[in-house]
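Dear colleague,

Please find below the structure that I am handing over to you. My findings follow it.

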Amino acid sequence: MPQYPHMLAPLDLGFTTLKNRVLMGSMHTNLEELGDWHRIAEYFAERAMGGVGLMVTGGMAPNKEGGVLPGAAGLFTDQDIANHKIVTDRVHAAGGKIAMQILHAGRYAYNHHAVAPSAIKSPISPFPPAELDAEGIEKQITDFATSAKHAQQAGYDGVEIMGSEGYLLNEFLVTHTNKRTDEWGGSYSNRMRLPIAVVARVRDAVGPAFIIIYRLSIIDLIPNGSTWDEVVMLAKAIETAGATILNTGIGWHEARVPTIATSVPRAAFSWLTKRLMGEVAIPIITSNRINTPEVAENILADGAGDMVSMARPFLADSQFMAKAAAGKADQIAPCIACNQACLDHTFAMKTSTCLVNPRACYEVELNYTQTANPKTIAIVGAGPAGLATALVAAERGHRVTLFEAANQVGGQLNMAKIIPGKEEFHGLIAYYTRMLEVHGVTVHLNRRITADGLAGFDEIVIATGVIPRDPQIKGQDLPNVLSYIDVLRSNAAVGARVAIIGAGGIGFDVAEFLTQAGQSPSLNLAQWKAAWGVGDPLQTAGGLARNGPQPEASARQITLLQRKAQKLGKNLGKTTGWIHRAGLAMKGVEMLGGVHYEGITPDGLMISTGENHENPRLLEVDTIVLCAGQIPERTLADTLSAEGIAAHIIGGADVAAELDAKRAIDQGVRLAAGF
Ligand code: NAP
Ligand code: SF4
């Protein structure tokens, strides 16, 4: 009996069988836009070899007006079809199956040709869409069908029709965006005509033996979204129209509720899929914040879906399924749902990759080949940079010794893991700890190694990280002043009224930490739903709670400050910064930019504003926490340099500015790949 019997069970679709119950959900990596088809094929083939049941590509536009961006990829020409055939051939040779997602962005299209049911601009796009006329609607249906036919010609096993997340088909469904008075608007049976017509026409185009997945918005999380009855009605109609599988989508992109960020509890929306089970005979896929085999297995065992969709976990580890099947789940690199290297890159028009796995989307150029010349390698510092270097070097056959001054590995990850909403970091540290064992790295904890101790190693890597920047504020040595390390590492006592100096990643983290009194909402679904105003589409159309967000009261009165006169948290992640800002605002955290720190007294923090230090005022607080950035810890590096001993300096010890685990890990693995 395998350890995950539900997850690893095959799924018979009649004309074809999926080898297990896991779908690699669609992710837009920007790879397609690069046009390097060998690289794209390698990316998908590696995941097919890892054993996932079915994969879905990033969204392909059915036509120019439906493209997410100008020049969005799609299957328009014979050359496009031939290019995609390179991918499908490789996936099939690797024993996998792959469907192509057809995504019509509707009013979210970031281009001047955007179309929608009604000419209503979305709050997240600068382009007002044109209202489709009857002919235009017919064209969209035809283009979906043509795109599906092209996908079939390109060798895909199926298509996924994107019907959720607030894109075109979703926009037709709800009165929030569909104000039409013709046969495509008004009653729900009119509003749902377009998705049904698209599925039916696609089925006609591709014949019976081709997978059609329809991605259904199961909770819109916007005002005037779909009701539960409408969701069920549509599911049934989509089944009748010829879909093979129903996938589910959560929330429109404009929703002000986080749906995939790390602070969202695991499997937070599977209760909705569970309710839909039995309403249709075709398989239903549940999605969002599923990132371990255990979570997937429990969902399926609980009857909350016939399949699970995981997307980002396959960036973090292409061998997720193979490792789970082999009883090596503790060796799966975990997706921590940070979005830092995947979605944030997509939005920045960069190629996606993964914070914990910089090989993701770089399978062609970054490989950890076995070395023919094993070296002895000393790595100083077991934070993300040191750990990543150690694992890759050891995996390649080098003999690695890791020295760490603290009593545990993880470095700054150990501070991150105690922040409410960042619990996934526990899993990342556990993974690193396990992999050090698997790869036979010699680890010395509580060992502040000196230059003498490094003699004799072939390579020396300095990954000693960072130390806090001294902000040199008058009065900062008073007992009412703490550093973030005192708060997050040493659990120092913090008063009821707090000023946080510095509003970077750490200032925000400290604010989250100090506002939370009891259990983190990320570990308590009911509490999290209440905090973000997630209700039930049975009660309100769209599923927003009637009484709005009801966060718990803050444990403290907090003021977060910075000197720059700009929005606080501006440099936080593109897709997650708003969540941190909104979360703290809901807790009543005051955010002050453009301040000068005039000094600290036993009564609080004196600040002023303006060029001439105007409006001096005392913030009466009990504790001031310094989160004023960090500088490289280079003591050992400098000693080695003075003694003429060569060393590689990486991570925060190299450059502290704008340091994050993404850069540290990337630098580490690339260094180790070259040893
Ligand atoms: P940071 O992001 O560079 O922020 C430093 C803050 O300190 C800024 O708000 C800056 O604002 C202020 N500051 C700089 N010099 C100052 C001075 N001399 N006096 C007073 N204030 C000063 O650094 P950080 O907060 O330390 O964050 C970096 C770390 O955060 C990294 O280790 C990263 O891994 C981690 N992290 C990242 C994220 C993320 O979302 N990417 C999240 C959490 C933690 P002003 O100069 O305007 O005053
Ligand atoms: Fe997951 Fe973060 Fe990697 Fe994206 S970058 S796949 S969210 S771990």
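Which residues touch the most other members of the largest nonpolar core? They are Ile161, Tyr214, Leu246, Phe269 and Leu276, in a core of 160 residues. A nonpolar core is a set of buried Ala, Val, Leu, Ile, Met, Phe, Trp, Tyr and Cys residues joined through side-chain atoms within 4.5 Å; buried means under 20% relative accessible area (1.4 Å probe, protein chains only).

Please note that this is a predicted model, in which local features need pLDDT of at least 70 and side-chain atom pairs pLDDT 80 or more, while totals for chains, interfaces and linings use all residues. Residues are numbered from 1 along each chain as its sequence is written, chains are lettered from A and ligands numbered from 1 in the order in which they are written, and side-chain values use heavy atoms, without hydrogens and water.

Leaving aside neighbours within four places in sequence, tyrosine 214 is in contact (heavy atoms within 4.5 Å) with residues including Ile161, Leu169, Pro195 and Leu246. A second, separate core of 23 residues includes Tyr484, Val498, Phe508 and Val625.

There are 8 aromatic pairs in the structure. Rings of Phe, Tyr and Trp (its six-membered ring) pair if their centres lie within 6.5 Å; planes under 30 degrees apart count as stacked, over 60 as edge-to-face and the rest as tilted. Tyrosine 43 and phenylalanine 44 are edge-to-face, because their ring centres are 4.8 Å apart and their planes stand at 65°. Both tyrosine 43 and phenylalanine 44 are buried. Tyrosine 431 and tyrosine 432 form a tilted pair, with 5.5 Å between centres and 50° between planes.

Yours sincerely

Technical notes:
Buried < 20%, exposed > 50% of the residue type's maximum accessible area, 1.4 Å probe, protein only.
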